[in-house]
Amino acid sequence: MLLHIPNVLDAEQVAHFRQRLAGAGWADGKLTAGYQSAQAKDNAQLPGADPVAKELGGRVLDALGRSPLFFSAALPRRIYPPLFNRYAGGQSFGFHIDNAIRYDTGPGGSQVPVRTDLSSTLFLSGPDEYDGGELVIQDTYGTQRVKLPAGDLLLYPGTSLHQVTPVTRGERVASFFWTQSLVRDAGQRRELFELDLAIRSLTAAQPGHAALVQLTGVYHNLLRRWSDA
């Protein structure tokens with residue numbers, strides 16, 4: 001499932017992010033790539049330990065916490081701390097599949113595994129600010145080519161083959177991160193998402209409808225059965 005989530009950040013927040021990132025300590029993106037990905041990766045990335053990355057990453061997490069659509073689709077159990085990348089001057093990231101497990105730093109410096117069920121790209125540059133730089137995703141639904149407005153997020157399967165095409169004009173800046181879902185199976189997660197959307201639609205159209213209690217019960221019983229919480 002590919003899901004476009006609009007307005008995760010508003011225009012004022014995007015402008016703040018861009019101002020903070022403009023003077024940040026960017027590094028070669030290959031430094032944070034695995035062996036296979038490093039062969040295809042050519043971009044700049046803000047190290048995760050950088051104070052700007054931590055500050056803005058926290059703001060991204062706050063914004064996600066205010067997005068019912070993200071929560072409904074992802075059912076997040078853990079979110080890997082958001083990272084930031086930049087493409088310019090022909091830079092690109094060839095076709096690759098994200099690592100299945102990322103390791104976050106937990107209490108006392110422990111390494112906490114995060115299963116990358118879902119990948120996210122939060123666009124911080126508008127599509128008119130750069131040429132190229134499309135996020136190309138190959139999945140069961142075919143090939144999708146994506147350039148979203150600044151502040152919008154694309155949620156897509158971590159299992160998908162994807163790339164960022166060369167940026168031939170301007171600069172493409174984005175945040176990216178991974179989510180371990182409460183529901184590992186993508187098909188089950190999609191069914192829960194569609195059921196939740198139907199419940200929301202019915203609630204808006206006919207609040208107090210007798211079927212809402214039953215449908216909500218079905219949703220939670222399925223989540224109880226399928227989740228690995």
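A: Happy to! Begin with the secondary structure: the protein chain comes to six helices and 16 strands. Please keep in mind that this is a predicted model.

Q: How does the radius of gyration of the protein chain compare with what the globule rule gives for 229 residues?

A: The radius of gyration is 18 Å, close to the 17 Å from the globule rule, so the protein chain is as compact as a globular protein of that length. Along its principal axes, the C-alpha trace spans about 60 × 40 × 35 Å.

Q: What share of the 229 residues count as buried?

A: A residue is called buried when its relative accessible area is under 20%. In this protein chain, 45% of the residues count as buried. Contacts tell us something too: among those between residues at least 6 apart in sequence, 75% join residues at least 24 apart.

Q: Which residues have the most contacts inside the largest nonpolar core?

A: A nonpolar core is a set of buried residues of nonpolar kinds, joined through their side-chain atoms. The largest one here has 29 residues, and L21, L46, F84, L124, L153 and L155 have the most contacts inside it. Several elements give two or more residues to this core, among them β1 (3-5), α1 (11-22), β10 (118-123) and β16 (167-181). Helix α3 gives the most, with six residues. There is also a second, separate core of 12 residues, which includes Y87, F123, L135 and V146.

Q: Now a helix, please. Which residues of α1 are buried?

A: Helix α1 has 12 residues and reaches 16 Å from its first C-alpha to its last, close to the 16 Å expected. Its buried residues are V14, F17 and L21. These cover an arc of only 60° around the axis, which puts them on the same side of α1. Among the elements that cover them are β4, α3, β6 (83-88) and β16. The face turned away from that buried side carries the exposed residues A11, E12, Q19 and A22.

Q: And what reaches the backbone nitrogen of E12 at the start of α1?

A: That is a side-chain oxygen of D10, which comes to within 3.2 Å of the backbone nitrogen.

Q: Is S160 buried or exposed?

A: S160 is buried, with a relative accessible area of 1%. This residue lies in the loop between β14 and β15. Not counting residues up to four places away in sequence, S160 touches H96, I97, I137, Q138 and D139.

Q: Why does Q163 count as buried?

A: Its relative accessibility is 17%, and buried means under 20%, so Q163 counts as buried. Q163 is found in strand β15 (residues 161-164). Beyond its neighbours within four places in sequence, Q163 is in contact with F93, G94, F95, E134, L135 and V136.

Q: Last topic: backbone angles. What is the phi of N7, and what is the phi of L75?

A: Most residues other than glycine have a negative phi. N7 has a positive phi of about 55° although it is not a glycine. L75 also has a positive value, near 45°. N7 lies in the loop between β1 and α1, while L75 has its place in the loop between α4 and β5 (76-79).

Note on methods:
Residues are numbered from 1 along each chain as its sequence is written. This is a predicted model: local features need pLDDT of at least 70, side-chain atom pairs count only at pLDDT 80 or more; totals for chains, interfaces and linings use all residues. Side-chain values use heavy atoms; hydrogens and water are left out. A nonpolar core is a set of buried Ala, Val, Leu, Ile, Met, Phe, Trp, Tyr and Cys residues joined through side-chain atoms within 4.5 Å. Buried means under 20% relative accessible area, exposed over 50%, partly exposed in between (1.4 Å probe, protein chains only). Helices (H or I, at least four residues) and strands (E, at least two) are DSSP runs, numbered from the N terminus. The expected span of a helix is 1.5 Å times one less than its number of residues. The arc is that of the directions from the helix axis to the C-beta atoms. Contact means heavy atoms within 4.5 Å. A polar contact is a pair of N or O atoms within 3.5 Å; within protein, one must be able to donate a hydrogen and the other to accept it, and residues adjacent in sequence count only if both atoms are side-chain atoms. The radius of gyration is taken over C-alpha atoms; the globule rule is 2.2 Å times the number of residues to the power 0.38.
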